[in-house]
Amino acid sequence: MEQTEVLKYVHLNDVHVSLGAKMVPFAGYSMPVLYSNLIQEHIGVRTSVGVFDVSHMGEFVVKGERATEFLQYVTSNDVSVLIDGKVQYSCLPNDKGGIVDDLLVYRWDENEYYLVVNASNIEKDWNWLQQNNTFGVEMENISDRLSLFAVQGPKAIDTLKKLTDLDLDSMEYYSFKSGTVAGIGDVLISSTGYTGAGGFEVYVWNKDAEAMWKAIFEAGSEFNIMPVGLGARDTLRTEMGYCLYGNDIDDSTSPIEAGLGWITKFNKEFINSEFHKKIKENGPTRKLVGFEMIDRGIPRQHYEIMDAAGNIIGEVTSGTQSPTLSKGIGMGYITKEYTKVGSEVYINIRNKYLKAVVTKMPFLK
């Protein structure tokens, strides 16, 4: 008999249901995919402010005298450049030439860090880090105790400024502060997000999550703040050319192929660094590129990418109809001969070869 997956629920599951959200299984959780209308939610974030409940994400605390040394070894980016209160995008390389996960590294101080990982990989990442912890660091998985709200869009700052004395104006991109927000203490607020629309992410203990959610919506009511589902989160991140684990990067993709050379630093040794260094030196045989449809059509994950003669040269990893650009856009790995911006390629959409052009990312300039 086939085993059915036991879904987990975010702390505010009942709130989303009461708001009429369409709930779907995602990364082992029941998650809101949309509340009203995908295009409306997408445009709301681009033009004003929207809130995503992304409490399914995982959070690990890493501390100890050798915490920095440990993270230098298990992540591809250079942790040594971080100062207290800064965040870094990175990935966990595996020992087979691929990526265990992409993640955020938050530095509290030189002996304490905070890692934010993808929901679908919480257990895998935890086991991988434990397996490689020959540095005697202490680790704690606090994923189930925290809620995380991404307050995104140009009006996110005006919304959150009503709720806190923390100086949000001076916060640089990829930095964080902790303090009191909406009268709730011990809140972490970071100038991060995966939409390209600006904004913040708010980490709050589950016991305070509902009060925080209500306070944010009250503060943003004058800006027509709206709850936003995973559907718009996907179209927003695709417009920015941001990788999604499981689509554009996985256990078999090198960060060099994925265009993540900027988070892969060879001034240090990390797991399997020699392998990726060789790919960088020789140039990858395939690369993740962005493309825009010239013919009408919506590219989807796993669709074939062809050359003019009908040879398969790659595969779509992410694709959608862009609400902002009103055309089909996508990302995919293709052989290096076709990766030049301006190259014409064809997407096999239901046995029709539709023309597209390789373009620079982000799609949204």
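His276 touches Pro93, Gly97, Gly98, Ser254, Pro255, Ile256, Phe266 and Phe270, leaving aside residues up to four places away in sequence; contact here means heavy atoms within 4.5 Å. The structure is a predicted model, in which local features need pLDDT of at least 70, side-chain atom pairs count only at pLDDT 80 or more, and totals for chains, interfaces and linings use all residues. Residues are numbered from 1 along each chain as its sequence is written, and side-chain values use heavy atoms, with hydrogens and water left out. Helices (H or I, at least four residues) and strands (E, at least two) are DSSP runs, numbered from the N terminus.

- His276 lies in helix 8 (residues 273–282).
- With a relative accessible area of 0%, His276 is buried; buried means under 20% relative accessible area, exposed over 50%, and partly exposed in between (1.4 Å probe, protein chains only).
- Leu354 belongs to strand 20 (residues 352–359) and counts as buried because its relative accessibility is 15%.
- The contacts of Leu354, not counting residues up to four places away in sequence, are Met293, Asp295, Arg296, Gly297, Val345, Tyr346, Ile347 and Ile349.
- Leu354 and Arg296 are 58 residues apart in sequence, while their C-alpha atoms are 7.5 Å apart in space.

**The barrel**

- Six strands form a closed barrel in the order 15-18-17-16-19-20, with antiparallel pairing; two strands pair if DSSP finds at least two bridges between them.
- On average, neighbouring strands of this sheet are turned by 45 degrees against each other, direction ignored.
- Axes are lines fitted to C-alpha atoms, for helices over the stretch in contact, and angles run from 0 to 180 degrees between N-to-C directions.
- Strand 16 (residues 304–306) pairs with strand 19 (residues 344–349) in the antiparallel sense over 2 bridges.
- Ile305 stands opposite Ile347 in strand 19.
- Helix 7 (residues 230–239) packs on the sheet, where it touches strand 17 (312–322) and strand 18 (327–335), and its direction makes about 120 degrees with that of strand 17.

**Helix 7**

- Helix 7 is mostly covered, with 9 of its 10 residues buried.
- These buried residues are Leu230, Gly231, Ala232, Arg233, Thr235, Leu236, Arg237, Thr238 and Glu239.
- They pack against strand 2 (22–26), strand 3 (29–34), helix 2 (38–47), strand 4 (50–53), strand 17 and strand 18.
- Gly241 follows helix 7 and has a positive phi, near 70 degrees.

**Salt bridges**

- The whole structure contains 18 salt bridges, a salt bridge being a side-chain nitrogen of Lys or Arg within 4 Å of a carboxyl oxygen of Asp or Glu.
- Arg107 and Asp84 form one of them, with their closest N and O atoms 2.8 Å apart.
- Arg107 lies in strand 7 (residues 99–109) and Asp84 in the loop between helix 3 and strand 6 (87–93), so this pair ties together parts that are 23 residues apart in sequence.
- Arg107 counts as buried at 15% relative accessibility, whereas Asp84 counts as partly exposed at 44%.
- Within helix 7, Asp234 forms a salt bridge with Arg237, the closest N and O atoms being 3.0 Å apart; the two residues are 3 residues apart, about one turn of the helix.
- Asp234 is partly exposed, with a relative accessible area of 28%, and Arg237 is buried, with 3%.
- Lys355 forms a salt bridge with Glu344, and their closest N and O atoms are 3.6 Å apart.
- This pair links distant parts of the chain, with Lys355 in strand 20 and Glu344 in strand 19, 11 residues apart.
- Lys355 is partly exposed at a relative accessible area of 25%, and Glu344 is partly exposed at 41%.
- Salt bridges that share partners join Asp234, Arg237 and Asp248 into one network.

**Aromatic rings**

- Rings of Phe, Tyr and Trp (its six-membered ring) pair if their centres lie within 6.5 Å; planes under 30 degrees apart count as stacked, over 60 as edge-to-face and the rest as tilted.
- By this rule there are 14 aromatic pairs.
- Tyr73 and Phe135 form a tilted pair, 5.9 Å centre to centre, with 45 degrees between the planes.
- This pair links distant parts of the chain, 62 residues apart: Tyr73 in helix 3 (residues 67–74) and Phe135 in the loop between helix 4 (122–131) and strand 9 (138–141).
- Tyr73 counts as partly exposed at 31% relative accessibility, while Phe135 counts as buried at 14%.
- Tyr106, Trp108, Tyr114, Phe176 and Tyr203 are linked into a cluster by ring pairs.
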